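Hi there,

Here is the structure I said I would pass on. Have a look first, and my notes follow below.

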Amino acid sequence: MRPTLSLKPRTSWTDAWRRCLAVAPEAFREDRVLNLWGATWRADGRAPDAASPVDQSPIAGPPRLDAGTARQAVRAALDQHRAWRHIPVAERRARVAATLDALTQHRDLFALLLVWEIGKPWRLAQSDVDRAIDGVRWYVDTIEPMLDGRAPLDGPVSNIASWSYPMSVLVHAMLVQALAGNAVIAKTPVDGGVSCLTLACALAAREGVPVTLVSGSGGQLSEALVRAPEIGCVSFMGGPDAGAAVATAVADLGKRHILEQEGLNTWGIWNFSDWDRLSATVPKLFGYGKQRCTAYPRFVVQRCLFNDFLDAYLPAVRTVRIGHPLAVETRDDPYPDLDYGPLISAAKAKELTDQVEEAIDHGAVPLHRGTLADGSFLPGQDTSAYVAPVTLLGPPPSSPLHHAEPFGPVDTIVLVDTEAELLAAMNASNGALVATLATDDRSLYRRLAPKVRAFKVGHGSARSRGDRSELFGGFGASWRGAFVGGELLVRAVTQGSVEERLPGNFPEYQLTP
């Protein structure tokens with residue numbers, strides 16, 4: 001008989017909210033968060049009901065502004081930008097460093113907010129916070145040479161990002177953009193993370209960093225946050241549909257941009273024998289339920305190796321751990337060590353489950369279908385946002401799972417017989433962020449890796465967006481605009497010579513560093 005689990009003490013949403021009220025009373029009210037613009041926290045916008053993906057219990061929602069208020073916020077950010085761009089870099093470094101110290105002081109509160117708002121297991125939530133802090137601190141220590149001969153943009157940077165990495169992607173980018181001399185604007189993701197971002201911006205604003213944080217639908221805010229003449233650069237991370245609209249807007253306006261979109265990241269296997277290594281890797285690839293832009297949802301396997309692949313893969317996928325991120329057996333137990341918790345919403349879980357069923361109906365073969373009965377949950381808990389791991393062989397071309405990233409715990413497998421088929425299957429989408437080719441033949445890797453249309457191609461190991469000096473971008477439709485990471489992130493949000501061509505993927509050219 002399995003033990004009955006309970007919520008770890010002092011980790012409820014109410015506990016987290018009370019701590020937010022105590023740490024940043026200027027940004028939180030008893031019943032809502034505030035928007036920040038014009039250096040003032042404001043109780044404007046309508047805050048809709050919101051539910052935690054963890055158990056569907058109520059949490060704070062993003063207070064949505066209308067288009068007119070968003071335009072006012074952008075104009076106020078331009079005023080901040082014109083003052084901040086003249087602040088000496090030494091003072092900017094000091095203010096950002098002080099912000100990092102404050103973020104560090106409240107590390108566990110940020111992690112708890114990430115658990116409740118976007119369902120991250122505790123270990124991954126802490127990692128998201130730590131990567132933000134450590135990454136920006138590297139820039140604080142190294143940015144001065146990167147700014148030689150460069151100037152801030154003519155207007156603030158507008159950030160529109162998905163919900164999956166509020167700290168290590170969005171807050172990290174905002175603080176580096178400010179460090180480079182720009183005022184920054186961020187739109188809170190509609191699906192989750194508003195309280196985490198509100199707390200981070202409150203701590204930054206206290207140190208005099210010019211941040212603006214607003215909420216609202218893309219339809220209401222895009223005119224101000226993307227097309228407004230005051231905006232100096234648009235930084236976007238999200239899905240292909242919204243990304244295409246942003247790409248069209250910035251191209252029409254000739255505006256500086258960084259657009260990270262989705263691609264189907266693939267893991268190719270050819271002339272390979274290190275199956276123990278693959279077995280150890282498979283559970284790690286399910287981290288955060290594959291809800292990240294660098295997840296690997298597709299295996300492309302040499303047909304003659306398929307039996308060996310299954311012998312390594314199936315026992316490994318059965319060890320993936322899923323459950324409530326805060327459910328423990330006794331009050332003094334450590335946080336559960338899970339691979340993932342819920343998906344971002346019950347609606348997303350249903351959509352993905354429906355896609356799986358449709359793919360099977362049209363010919364995909366289910367090789368593995370996990371069950372929530374093996375998960376760790378509280379008694380009577382709502383589990384509508386949870387999806388157990390699924391593995392499908394041969395997703396039909398009519399299925400979204402064939403050509404698009406599922407953003408959930410679903411692996412698909414395609415079998416190939418020739419190197420040409422291998423490359424075609426690894427390039428199933430129009431470009432990707434990362435890929436891996438697992439082969440014992442080093443010469444084959446060196447020959448085929450450049451033909452895989454991904455920004456980073458690993459040799460038998462997973463690639464990621466990276467930290468600090470590591471560069472990041474994408475090919476094809478997975479990325480538009482300037483590449484980032486290391487010095488390139490600073491170059492992307494500053495101005496150099498008139499003749500400068502930024503490394504990136506642009507309509508008129510592609511330049512790889």
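First, a term for the notes on open space: on a 1 Å grid over the protein atoms alone, a pocket is an open set of points where a 1.4 Å probe fits, with protein on both sides within 12 Å along at least five of seven lines, and its lining residues have an atom within 4 Å of a point. Grid points are joined across faces, edges and corners, and a volume is the space filled by probe spheres set on the points. Please keep in mind that this is a predicted model, in which local features need pLDDT of at least 70 and side-chain atom pairs count only at pLDDT 80 or more, while totals for chains, interfaces and linings use all residues. Residues are numbered from 1 along each chain as its sequence is written, and side-chain values use heavy atoms, with hydrogens and water left out.

Pockets

The second largest pocket has a volume of about 620 Å³. Its lining counts 27 residues, and Arg-131, Tyr-165, Lys-284, Arg-292 and Ser-464 lie nearest the centre. At least two lining residues come from each of H5 and helix H10 (275-285), where helices (H or I, at least four residues) and strands (E, at least two) are DSSP runs numbered from the N terminus. H5 gives the most to this lining, with five residues. By class, the lining of the second largest pocket splits into 10 nonpolar, seven polar and 10 charged residues; here Ala, Val, Leu, Ile, Met, Phe, Trp, Tyr, Cys and Pro count as nonpolar, Asp, Glu, Lys and Arg as charged, and the others, Gly among them, as polar.

The largest pocket comes to about 1,000 Å³. It is lined by 43 residues, and the closest to its centre are Ser-162, Asp-191, Gly-238, Gly-239 and Ala-242. Among the elements that give two or more residues to this lining are strand E9 (157-161), strand E12 (233-237) and helix H9 (240-253). Helix H8 gives the most, with seven residues. The lining of the largest pocket has 23 nonpolar, 10 polar and 10 charged residues.

Phe-236 sits in strand E12. This residue is buried, at a relative accessible area of 7%; buried means under 20% relative accessible area, exposed over 50%, and partly exposed in between (1.4 Å probe, protein chains only). Leaving aside neighbours within four places in sequence, Phe-236 is in contact with Ile-160, Ala-242, Gly-243, Val-246, Ile-258, Leu-259, Glu-260 and Gln-261, contact being heavy atoms within 4.5 Å.

Cores

A nonpolar core here is a set of buried Ala, Val, Leu, Ile, Met, Phe, Trp, Tyr and Cys residues joined through side-chain atoms within 4.5 Å. The largest one has 128 residues, of which Ile-269, Leu-278, Phe-299 and Phe-309 touch the most other members. Helix H5 (residues 122-146) supplies the largest share of this core, 12 residues. A second, separate core has 23 residues, including Trp-37 and Leu-225.

Not counting residues up to four places away in sequence, Phe-299 touches Trp-267, Ile-269, Leu-278, Leu-285 and Phe-309, among others. Leu-278 and Leu-285 are also among the buried residues of H10. What covers the buried residues of H10 includes strand E14 (266-269), strand E15 (298-302) and helix H11 (306-317).

Salt bridges

Side chains of opposite charge can pair when their charged atoms come close. The structure holds 22 salt bridges, each a side-chain nitrogen of Lys or Arg within 4 Å of a carboxyl oxygen of Asp or Glu. Which side chain does Lys-120 meet in a salt bridge? The partner is Asp-128, at 3.8 Å, N to O, and both Lys-120 and Asp-128 are buried.

Glu-500 and Arg-150 pair at 2.8 Å, N to O. This pair links distant parts of the chain, 350 residues apart. Glu-500 is partly exposed, at 23% relative accessible area, whereas Arg-150 counts as buried because its relative accessibility is 18%.

Lys-350 and Asp-354 form a salt bridge of 2.7 Å, N to O. They are separated by about one helical turn, because they lie four residues apart in helix H12 (residues 346-361). Lys-350 is exposed, at 53%, and Asp-354 is partly exposed, at 39%. Elsewhere, salt bridges that share partners join Arg-123, Arg-321, Asp-337 and Asp-339 into one network.

Best wishes
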